[in-house]
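Let's take a walk through this protein model together. Have a look at it before we start.

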Amino acid sequence: MKAAQISNYSKTIKAQVNEVPVPEINEHEVLIKVKAAAINPLEMLIMTGSVKLIQDYTFPLTIGNELAGVVEKVGKQVHGFSIGDDVYGRLPIEKIGAIAEYAAVDAAALAIMPKNVSYEEAAAVALTGLTAYQGLHEELNVRSGKTVFIPGGSGSFGQMAVPIAKTLGLKVIVSGNAESRERTMQLGADQYLDYATQNYEDLLTNVDYVIDTLGPKEFKKELSILKQGGRLLSLRTGPNKRFAKDRKFPFWKQTLFSLAGAGYDRAAKKHGVEYRFIFVRSDGGQLKEITSIVEANQIVPALHPKRFTIAEINEALELVATGRPKGKVIITF
């Protein structure tokens, strides 16, 4: 089978398409014939070694973190899936490999696909959906009636975060480009700010929660709009001491993350708020709940107009790395 692989960490974002054996499954896994795989900014972090303190890999490594496809084989201890099922999922971080013709995946990471989406659309839901779900439920521990602001929330993350936040009873404010206003409001956002003409720092105050999608340059502005006791959750800025402790990393790693995130923690403490960082994990049970939200709200994620083949993997990776896709970038099989 064909698989997109890297042979080492490198600052050059480039993969090779190699012929490799179809993977064997263990008793807890299913073999998936991959129909579509999505490319995320996480691919760049993995390929450059930027997250190797969180998860280090052996090589050659088949890349890709989320997929949709058809179950071809089922392990002896697997329950709830049968041959022929259409499934989707965010692969366990310790065993990725979605950008390949076949993938062996722990059944606990998977769910049956939402009925209202295609394989390509399903592949675009899992990682962002789980990020939003875990961020709101576990990291922010949100409460109904509170306000969440998502700067840069007009993209693929916001497509999932907005409806999930609304099901939790939150007031949702989003900033993004003018073209995405109508779509984001239709998903349930209560207020939309055009970043080109409106500065959220001047317009917002006493916000309960902020979910950062933009990274370190926005950190101080995001802190400034939070109320005392509020929480800032970042997908981009970087891990800190709490992140390492929550994941029960060894002491030496906790020390490194404490040092790396010390500046963010100090700034947050000065504002009387809490800073958190999320690195999303696989969870088939949560994905079932996300499936219900996708079906109930008829959510169909925006995809980049061009579908790429595995032979075009580097063109697709470059598009995501530059930050200019018009929706989720998809590899189809």
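Start with Arg-90, which is buried (under 20% relative accessible area, with a 1.4 Å probe and protein chains only) yet has no salt bridge. A salt bridge would be a side-chain nitrogen of Lys or Arg within 4 Å of a carboxyl oxygen of Asp or Glu. The nearest side chain of opposite charge, Glu-43, is 7.1 Å away; Arg counts as positive and Glu as negative.

Before going on, a word on the source: this is a predicted model, where local features need pLDDT of at least 70, side-chain atom pairs count only at pLDDT 80 or more, and totals for chains, interfaces and linings use all residues. Residues are numbered from 1 along each chain as its sequence is written, and side-chain values use heavy atoms, leaving out hydrogens and water.

So what does Arg-90 have a polar contact with? Its side chain joins that of Asn-65 at 2.9 Å. A polar contact is a pair of N or O atoms within 3.5 Å, one able to donate a hydrogen and the other to accept it; residues adjacent in sequence count only if both atoms are side-chain atoms. The Arg-90 side chain also reaches the backbone oxygen of Val-280 at 3.3 Å.

Now hop over to Leu-317, which counts as buried because its relative accessibility is 0%. In sequence, Leu-317 and Met-44 are 273 residues apart, but in space they sit 8.0 Å apart, C-alpha to C-alpha. Not counting residues up to four places away in sequence, Leu-317 touches several residues (heavy atoms within 4.5 Å), including Glu-43, Met-44 and Ile-63.

Notes. Buried < 20%, exposed > 50% of the residue type's maximum accessible area, 1.4 Å probe, protein only.
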